[in-house]
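Here are my notes on the two-chain entry, in numbered points. Please read them with the structure open.

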Amino acid sequence: MTPLTGALIAIVDDEEGVRVALQRLCHAYGAETLGFPSVAQLLAALADRRPDCVIVDAHIPGPNGPELREKLRARAGTIPTIVITGRDDDAAEVRALAAGARACLRKPVDADILLDAIHAAISADGAGGSTTSFSATD
Amino acid sequence: MMLLGTGYYLAAFVGIGFRFQHSSIGVVWPANALLLSALLLSPRKKWWMVLAVVALSHTLAMGDLVPGWRVAWQIVGNFTLTAAMVEVLRRCDVLPLHFGSRRQILVFMAVSFLVPAVYAFFTPSVARTLLGFESVSSPTATILRVTLSNAAGLLLVAPAVLLASRYDLRGLADVSVARVLEGTAVAVSLLLVGLLVFFSGSDIAHSPSVVIWIFPPLLWAAVQFGPLAASLAILGVAGLSMLGTASQLGPFILDRSAQGIVSLQLFWPGIWLPVMLLAAVIHEWELTENALEEQRKQLNHVSRVTTVGELSGALAHELRQPLTSILANSQAAMRLLSEQRIDVAELRNIMADIAQQDRHAAGVIARLRAFLTKREPRCESLSVEGVVRDALALSRSAIDLAGVEVESWVPETLPQVRGDRIQLLQVVLNLIVNGCESMHVVPDRDRRLRVWAMSRGEDQVQITIADRGPGLPAGRERMLFEPFFTTKDHGLGLGLAIGRSIIAAHGGRLWGENNPAGGAIFHLTLPVSQS
């Protein structure tokens, strides 16, 4: 497994347990990580630092979820984004977000698959286009 | 078999001891009822043993009174009579007899009269009167007497013996004190009324309506204690009336001829039919009630399964969160270990998180299992706060995925209510899920569900669930609670109907209305626990 040495990865998930675990995983493979409980906080932090890759949970809770989703989608063109989802059904919100993302993975996501996706996202950075794939663990 | 032998001997003794004047025909011939019961209770292969025992007892009882040829004739005749009855009862499809249905009562009564009536033509007594040996009574009267004495014996004794033989004595251990007292009261009142009616002087015969007073205790036994008690009570009354009449007391001795005896014989079926019918009707009703109750339970369970089915996507999501955390944590730890970068503190944190996430997942499964388990409803004192908390926990993911914000305000200081935790959880959960689903048509920022509870007077607690959805369909608010009425494009339309029946069974009320400020409001009240 190629390490992620030097990469800065932002992880957005409102579940602390998931967020911290994904940060640990990326960190164990050499990446530097930032964790955000909400998209709003990520967007606010983007002014300071630009991560190489954003991993974001497809479900964005709260009354301004759709608005944040739109903003995130707009940024996904410039920052490689990987969407993860814990839902069975491919709800509209997942599809909408995945359309602009480099990959869409289903929880629980295996390290191999996640790291491959991150690598692909970072190396293809600037090349444009998107690949949507669901994890083989389903 | 010993029991049968002794019983038959005693029964024959009673039959002989209490006869028509100037005749060898007993007023009641209970021995055949014992024979019938023995045949019904034993397999056909063992009937020869029954016959042998009965033949012996009959000979012992009758041997000194009538010539041998008549004893043999009687044995063969009685056996043929009862075997024929078994066959007729079998063909009428009423076996095994439990006297718990109207059909069994009516068929048994008819068979107890008709078969002995046919049999009467072939008895020695009738043969003798027909041939003119016994000139005291006419052949018609003799046939009538034989029929009635057999029918009376069969009706009075067979149900009591058959039902008592099937009674499970182990059930006695669970009988409550109140029940024992009530049973004793029935027995005592039967005895008192019986003594009053059947052992008063001959004056009583001039006011025959007094006999009707035997009915209240008999009906009491039938209504409260079922067919066995009814048959035993009738047997007791028959015994008292027989003893009274034999002592020249009570209402049946007005004229000391055979007519008085016939009226006694007709009295027994007259009380037997209504009392046994009543016990049977009540038994049938109880069976129907039990079946309905069972169906209600099944339906409740189906409704819970349906609710969980609707929540399945959300529940899968809820389980995927800890699974994601556990997988990522353990793979991070493996990577750290393989890199030989042993950071003990970090590994400890990882392990602690894995354990915590695992417990969280186990909690989700435990709640789900508790909710879905089929079990007998248990009435207990419980807090409304706990019910609402559990309902919100079960629907957490569904609420989250529907983008709904929940405000709940349930003070822990509310008085406790009495009820079944799972059933109440089912109702509240259903209302919460309905509320969340109704709001999928409104903009995200308006998806708010409010759950609150408060005391209503001294003796009620009210839970209210208000959504901001489109509200109840105008003019069809009442139909919401009809089974299979649904406004959703999935679901059975049972949730509210079952919810209403559950709350009603708890002594409370469930209703819905439109909120003037928008959305639907559902209220449910529950009586406060007295303990």
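1. A definition first: helix axes here are lines fitted to C-alpha atoms over the stretch in contact, and angles run from 0 to 180 degrees between N-to-C directions. With that in hand, take helix α7 (residues 139-166) of chain B and α9(B). Their axes come within 9 Å and cross at roughly 140 degrees. Angles over 145 degrees would count as roughly antiparallel. α7(B) is therefore oblique to α9(B). The crossing of α7(B) past α9(B) is left-handed. Keep in mind throughout that this is a predicted model.

2. Which residues make the contact between α7(B) and α9(B)? From α7(B) come L156(B), V157(B), P159(B), A160(B), L163(B) and A164(B). They meet P227(B), L228(B), S231(B), L232(B), I234(B), L235(B) and A238(B) of α9(B). As a general point, an α-helix has 3.6 residues a turn, so residues three or four places apart point the same way.

3. The largest nonpolar core holds 83 residues. Within it, F99(B), F108(B), L218(B), F267(B), W268(B) and W272(B) touch the most other members. Helix α9 (residues 215-246) of chain B gives this core its largest share, 11 residues. A separate core has 53 residues, among them L311(B), V404(B), V417(B) and I465(B). In soluble globular proteins, nonpolar side chains tend to be buried together.

4. F99(B) deserves a look of its own. What does F99(B) contact beyond its neighbours within four places in sequence? The list is Q104(B), I105(B), F108(B), P159(B), L162(B), L163(B), P227(B), W272(B), M276(B) and A280(B). Two of the residues in this list, P159(B) and P227(B), also take part in the α7(B) and α9(B) contact.

5. Next, helix α3 (residues 47-62) and helix α4 (residues 68-91), both of chain B. Their axes come within 10 Å and cross at roughly 140 degrees. The pair is therefore oblique. Here the crossing is right-handed. On the α3(B) side are W47(B), L51(B), A55(B), H58(B), T59(B) and M62(B). On the α4(B) side are V71(B), Q74(B), I75(B), N78(B), F79(B), A83(B) and V86(B).

6. Helix α12 (residues 384-394) of chain B packs with α14(B) at an angle of about 50 degrees, axes 9 Å apart. These two helices are therefore oblique as well. Their crossing is right-handed. V387(B), D390(B), A391(B), L392(B) and L394(B) of α12(B) meet L424(B), L425(B), V428(B), L429(B) and I432(B) of α14(B).

7. Stay with helix α14 (residues 421-438) of chain B, which contains Q423(B). Is Q423(B) buried or exposed? It is buried, at a relative accessible area of 12%; the cut-off for buried is under 20%. Not counting residues up to four places away in sequence, Q423(B) touches N300(B), P377(B), I502(B) and H506(B). Its C-alpha atom is 8.7 Å from that of F371(B), 52 residues away along the chain.

8. I502(B), one of the contacts of Q423(B), sits among the buried residues of helix α15 (residues 495-505) of chain B. The buried set is G495(B), L496(B), A497(B), I498(B), G499(B), I502(B) and I503(B). Just after α15(B), G507(B) has a positive phi of about 85 degrees.

9. S397(B) belongs to helix α13 (residues 396-401) of chain B. S397(B) is buried, with a relative accessible area of 4%. Setting aside neighbours within four places, S397(B) is in contact with A314(B), H317(B) and E318(B).

10. Now the chain totals. Chain B has 15 helices and 7 strands. Of its 531 residues, 49% count as buried. Chain B exposes about 25,900 Å², with 63% supplied by carbon and sulfur atoms. Among its contacts with a separation of 6 or more, 74% join residues 24 or more positions apart.

11. Chain A has 5 helices and 5 strands. What order do they follow along the sequence? The pattern is β-α-β-α-β-α-β-α-β-α. Buried residues make up 51% of the 138 residues in chain A. The accessible surface of chain A is about 5,600 Å², 51% of it belonging to carbon and sulfur atoms. For contacts between residues at least 6 apart in chain A, 69% join residues at least 24 apart.

Key: Residues are numbered from 1 along each chain as its sequence is written. Chains are lettered from A and ligands numbered from 1 in the order in which they are written. This is a predicted model: local features need pLDDT of at least 70, side-chain atom pairs count only at pLDDT 80 or more; totals for chains, interfaces and linings use all residues. Side-chain values use heavy atoms; hydrogens and water are left out. Helices (H or I, at least four residues) and strands (E, at least two) are DSSP runs, numbered from the N terminus. Buried means under 20% relative accessible area, exposed over 50%, partly exposed in between (1.4 Å probe, protein chains only). Contact means heavy atoms within 4.5 Å. Accessible areas come from the Shrake-Rupley method with a 1.4 Å probe; for residues, only the protein chains shown count as cover. A nonpolar core is a set of buried Ala, Val, Leu, Ile, Met, Phe, Trp, Tyr and Cys residues joined through side-chain atoms within 4.5 Å. Angles under 35 degrees count as roughly parallel, over 145 as roughly antiparallel, 65 to 115 as roughly perpendicular and the rest as oblique. A crossing is left-handed if the near helix is turned anticlockwise from the far one by less than a right angle, and right-handed if clockwise.
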